[in-house]
Amino acid sequence: MNTTGQSYFEASARQRIQGLVDEASFSEICGPGQGASSPSLAYFDLPAAPDDGAVVGDARIAGRRVALAAQEGRFMGGAFGEVHSAKIAGMLQRSLRVRPQAFVFLFDSGGVRLQEANAGEIGVTEIMRGVFDLRHAGVPVIGVVGGSRGCFGGAGIVCGCCDLLVASARGRMGVSGPEVIETTMGAQAFDSHDKALVWRTTGGKNRYLFGAVRHLVEDDIPSFRQAVIRAMDEPVDYSLESLAAKRAALAERLERFGQARDALDVWRAMGFAHPEAIPDMDVRELEAERKALGEGRA
């Protein structure tokens with residue numbers, strides 16, 4: 001498949017996988033022909049998908065063996081359900097046995113499927129445990145965020161469990177989505193209809209400047225592939241000293257930005273002279289601005 005210039009944001013889960021991996025190297029496990037669809041959705045008069053919105057399997061990226069899981073945001077917003085979660089958790093458990101050189105998780109989810117809420121919540125915890133078990137075994141888990149549904153709810157928690165994240169500016173992530181925050185706290189706290197506010201708060205650029213995203217890329221599949229290859233070559237520091245440094249950075253972040261009401265206030269506090277220009281910057285421009293500030297991250 002020729003994916004040159006193809007938008008990652010607009011692609012399907014399978015298109016993203018095919019563009020990231022070496023040609024003809026993906027071998028799907030528990031695919032659509034094996035009847036792995038939700039047993040519950042019919043009770044709500046909802047159509048099922050033959051893969052339940054999750055694609056898992058083995059492949060090679062730049063010649064290296066990897067395991068992959070990809071969420072299909074076009075089916076029920078990529079939400080975690082019983083089968084959907086079981087496929088991803090099972091792939092993580094399998095990876096403990098076969099030991100790929102990396103596990104690549106392509107997130108595209110608004111959270112847990114309400115029709116299967118209990119099963120979905122349990123599934124998220126099993127996935128979290130699988131991620132930690134795999135990391136403990138020395139297999140890096142690389143999260144990729146750039147889909148149309150973002151990475152919220154359970155997915156937002158799981159992505160924070162990964163070793164590192166690759167994202168585009170169009171990739172959004174957080175524990176609670178904008179609509180949930182507005183419903184709970186009111187529009188005066190967070191207006192979900194203010195799209196500029198939503199994107200600069202939850203978008204990939206803000207997460208990158210905060211240090212949650214390791215590699216910020218343009219919205220095309222080849223750029224994501226190259227970033228994943230770079231990520232596989234980067235060592236991960238599991239030392240107690242590294243953990244202590246991260247905890248200290250979080251405490252400092254709260255002190256520096258605790259009174260900020262908007263991402264613009266955060267970026268201004270970081271030292272950006274024109275924070276209002278950041279949403280219009282491309283990846284290279286933002287990287288240049290960050291380097292001009294020194295470290296430039298929270």
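Helices (H or I, at least four residues) and strands (E, at least two) are DSSP runs here, numbered from the N terminus. With that in hand, Asp58 is found in strand S2, and its side chain pairs with Arg94 in a salt bridge. This is a predicted model, where local features need pLDDT of at least 70 and side-chain atom pairs count only at pLDDT 80 or more, while totals for chains, interfaces and linings use all residues. Residues are numbered from 1 along each chain as its sequence is written, and side-chain values use heavy atoms, with hydrogens and water left out.

**Asp58 and its surroundings**

- Asp58 is partly exposed at 23% relative accessibility (buried means under 20% relative accessible area, exposed over 50%, partly exposed in between, using a 1.4 Å probe and protein chains only).
- Setting aside residues up to four places away in sequence, Asp58 touches Ser25, Phe26, Ser27, Ile29, Val66, Ala67, Leu68, Met91 and Arg94 (contact means heavy atoms within 4.5 Å).
- Ser27 sits 31 residues from Asp58 along the chain, yet their C-alpha atoms are separated by 5.2 Å.
- The side chains of Asp58 and Arg94 also make a polar contact at 2.9 Å (a pair of N or O atoms within 3.5 Å; within protein, one must be able to donate a hydrogen and the other to accept it, and residues adjacent in sequence count only if both atoms are side-chain atoms).

**Salt bridges**

- Side chains of opposite charge can pair when their charged atoms come close.
- A search of the whole structure turns up 15 salt bridges (a side-chain nitrogen of Lys or Arg within 4 Å of a carboxyl oxygen of Asp or Glu).
- Arg14 and Asp51 form one of them, at 2.8 Å from N to O. Arg14 lies in helix H1 (residues 13-20) and Asp51 in the loop between strand S1 (27-29) and strand S2 (54-61), so this pair ties together parts that are 37 residues apart in sequence.
- Arg14 counts as partly exposed at 30% relative accessibility, whereas Asp51 counts as buried at 8%.
- Asp108 and Arg16 meet in another, at 2.9 Å from N to O. That pair links distant parts of the chain, with Asp108 in the loop between strand S4 (102-107) and helix H3 (117-136) and Arg16 in helix H1, 92 residues apart.
- Both ends are buried: Asp108 has a relative accessible area of 1%, and Arg16 has 2%.
- The Asp58 to Arg94 bridge comes in at 2.9 Å, N to O. Since Asp58 lies in strand S2 and Arg94 in helix H2 (residues 82-98), the pair ties together parts that are 36 residues apart in sequence.
- Salt bridges that share partners join Arg14, Glu28 and Asp51 into one network.

**Helix H11**

- Val283, Leu286, Glu287 and Arg290 are buried in helix H11 (residues 283-292). Looking down the axis of H11, its buried residues fall within an arc of 100°, so they line one face of the helix (the arc is that of the directions from the helix axis to the C-beta atoms).
- Arg284 and Ala292 are exposed on the other side of H11.
- The cover over the buried residues of H11 includes helix H7 (204-209) and strand S7 (215-217).
- At the start of H11, a side-chain oxygen of Asp282 reaches to within 3.2 Å of the backbone nitrogen of Arg284.
- Just after H11, Gly294 takes a positive phi of about 90°.
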